[in-house]
Amino acid sequence: MNNCKLPKDFFFGTAMSGPQTEGAYNKDGRLPSIWDTWSDREINAFHNNVGSYVGNDFYNKYEEDIKILKGLNFDSYRTSIQWTRLLDKNGKLNPKGVEYYHKVIDFSLDNGIDVFINLHHFDLPQYLEDRGGWTNREIIEAYGNYARLAFKEFGAKVKHWFTFNEPIVVPMQMYSNGAWYPYERDYNKAMTVQYHITLAHCLAVREFNKLKKEGELPEVCDIGLINNFAPPYTKENPSKEDLEAVRMTDGVHNRWWLDVCSKGKLPFDVIDTLKELGISIDMREGDEALIACGKVDWLGFNYYQPARVQAPKEKIDEHGNPKFADEYVWQERKMNIYRGWEIYPRGIYDFAMKITKECPNLPFFISENGMGVEGEDKFKNSDGIIEDDYRIEFVKEHLEWVAKAIEDGADCRGYHYWAAIDNWSWANAFKNRYGFIGVDLANKYTRFSKKSATWIAEVSKTKVIK
Ligand code: BGP
C-alpha cells in the first residue's frame, strides 16, 4: 500500500487531555481531582513517583504548544476541560478557569487551529468522589450542570463537543479489574458506573440539542462520544462458547456505545445476559426516554489494539465476578513491548467497517492512535535526534488501513494522533513517550522534535502516506 492518498478535506491533529497536560493543579481555584488524591495518598503507585500534579506544563506553555501543532501542519486538536478547573464546589463557574480556557481556545482559533472539546477524561472532582462518584446516581445531574455551563460558555467558539473519552475505562480500571484507585473488583458496581455514565452522556446530548434548538448554540455545533473501540477476534475455528465470549466482550465494550450513540438504545441481549448472571442495573422510569436522547452527530474512534478472546475456563473469577472471556493469544501477534499492547493495524479497518455497517450514516474520525515507547534516548543519533522510525511505521500502517476503509465506503473524517507532544499518562506517568515532539523533564519541560515530526508534518500537508 505505498503512496496512498487521503481525501483533501481529511483533517489531521492530535488528541490530549486536561489532566494529562495542564499541570498547575492548585492554581487559580482549581479543585483537587481524584488523581491528585491518589497521588497524595500513594505516590509510589505512579511510575518514578510522578503524580498528577505537573502534566506537561501546558497551562504555562499552551501558546508554544499550539504553535508547534501549527508547525506540524495540523488543523485541529482535541483536549478536555477539567471539571475541577471550570467549576467551584457549588457547581458555579470559576472565573479564573473560564478565563484560562477562553485564552487557550482564542489562541488556537487565532492560529487557524480548531479545538475539539471533551468534557470528561477519567477525571472527577474529589468532593464528588467523596459522595460516591459515578456509583451515586445523583452525579448524573451534577455532570448535566457542568456540561450545560460549558456548552453555554464556549459554544460560540467551539464547534465539536464530546461528552466522554473512553467511558468504559473508569468502570473497568477503578471498579472491575482493580488496576486504579480505589482498586475495586466488583462487577456489579462497575456496571452501575457504566450505566450512570451512559445516562450522563444522554443527559448532556439532550441539553446540547435543546440549547441548539433554542438558538443558544450555533447550528453548526455538533456532539459526539469517543470510545476505545476494540475489534473483537477469536480463534480461527471457534466453538459456540468462543463466539459467546466475542458477543459479550463486543457487547459490553463496543456495541453498548454504538447502540446508544446510533439508535438511542442499549443492546438488550447484553442487558439480558447481565440480568441472568445476577448483575442488576437500576433502570428507572424515564431512563428509556433519556437513553433515546443519546444519539450523536458523530463518533470518535480511539484505536490501540484489538480484543482477542476465547471461551473462559472459569465462568466466575476469584472475586466472585462473572467472566465472559479469557484472553486469546494469537501466535502471530506483534507487540509493543513497552506498553504490552498488540499492534494490529488491520483492526482499524475492521472496526471502521463495523461502524459503517452497524451505524449507517454515522460519521466518525480516528480520535486517538499512537505508540508509546520507554527509554527513547537509546534511539538518539549522533546529532542527538531521536530516530523514532517505529513510530513512523506505526502511524503509516494505520493510516494506510484508514485510507482503505474510506475507499470501501467508511465515512472517516480525520485522524488525531495520541499525543503529538509527550505527556503524563496516568499511573504510567512519563514512562512511555508518544510524542512526535519530546518533553525534557530535566530541563524545564523543554520541547524538542523527534524524527517523526518532519514525517507527520509532510503527511498532514500533502495527505499522501509515504
Ligand atoms: C487512552 C487514553 C489516553 C492515553 C492513551 C495512551 O486510552 O484516552 O488518556 O493515556 O490511552 O495510554 P497510556 O497513557 O496508558 O499509555
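## Asn369 and other buried spots

Asn369 is buried, because its relative accessibility is 0% and the cut-off for buried is under 20%. This is a predicted model, so that value, like the others here, is computed from predicted coordinates. Asn369 sits in the loop between β13 and β14 (373-374). If you use Asn188 as a landmark, its C-alpha atom is 31 Å from that of Asn369, and the two residues are 181 apart along the chain.

Ser80 is another residue with 0% relative accessibility, so it counts as buried too. You'll find Ser80 in strand β3, which covers residues 76-80.

## Around the ligand

Now to the ligand. There are 13 residues around it, and the closest are Gln20, His121, Glu166, Ser425 and Tyr434. By type, this shell splits into 6 nonpolar, 4 polar and 3 charged residues.

Which side chains put an N or O atom beside a ligand oxygen? Tyr434 has one at 2.5 Å from an oxygen atom of the ligand. For Glu368, the distance from a side-chain N or O atom to a ligand oxygen is 2.9 Å. Asn165 also has a polar side-chain atom 2.9 Å from an oxygen atom of the ligand. How much of the ligand's own accessible area does the protein cover? On its own the ligand has 380 Å² of accessible area, and the protein covers 93% of that.

## The second largest pocket

The second largest pocket has a volume of about 280 Å³. Its lining is made up of 13 residues, and those closest to the pocket centre are Glu244, Pro312, Lys315, Lys323 and Phe324.

Which helix gives the largest share of that lining? That would be α10 (residues 240-263), with 4 residues. Sorted by type, the lining of the second largest pocket has 8 nonpolar residues, 4 charged ones and 1 polar one.

Gly278 belongs to the loop that runs between α11 (268-276) and α12 (287-291). Is Gly278 buried, exposed or partly exposed? Its relative accessible area is 48%, so Gly278 is partly exposed; the label exposed is kept for values over 50%. The C-alpha atom of Gly278 is 9.3 Å from that of Pro322, a residue 44 positions away along the chain.

Glu318 is in the loop between β9 (307-310) and β10 (326-327). With a relative accessible area of 71%, Glu318 is exposed.

Two peptide bonds are worth a look on screen. Pro182 is in the loop between α8 (169-176) and α9 (187-213). Another cis peptide bond joins Trp418 and Ala419, and here omega is about -20 degrees. Ala419 lies in the loop that connects β15 (412-418) to β16 (432-433).

Asn361 has phi near 70 degrees and is found in the loop between α13 (346-358) and β13 (364-368). Lys463 has phi of about 65 degrees and sits in the loop between α15 (451-462) and β19 (464-465). Which of these is buried and which exposed? Asn361 is exposed, because its relative accessible area is 80%. Lys463 counts as buried, because its relative accessibility is 12%, under the 20% cut-off.

Note on methods: Residues are numbered from 1 along each chain as its sequence is written. Side-chain values use heavy atoms; hydrogens and water are left out. On a 1 Å grid over the protein atoms alone, a cavity is a set of points where a 1.4 Å probe fits but cannot get out, and a pocket is an open set with protein on both sides within 12 Å along at least five of seven lines; lining residues have an atom within 4 Å of a point. Grid points are joined across faces, edges and corners, and a volume is the space filled by probe spheres set on the points. Ala, Val, Leu, Ile, Met, Phe, Trp, Tyr, Cys and Pro count as nonpolar, Asp, Glu, Lys and Arg as charged, and the others, Gly among them, as polar. Buried means under 20% relative accessible area, exposed over 50%, partly exposed in between (1.4 Å probe, protein chains only). A residue is near a molecule or strand if one of its heavy atoms lies within 4 Å of it. A polar contact is a pair of N or O atoms within 3.5 Å; within protein, one must be able to donate a hydrogen and the other to accept it, and residues adjacent in sequence count only if both atoms are side-chain atoms. Accessible areas come from the Shrake-Rupley method with a 1.4 Å probe; for residues, only the protein chains shown count as cover.
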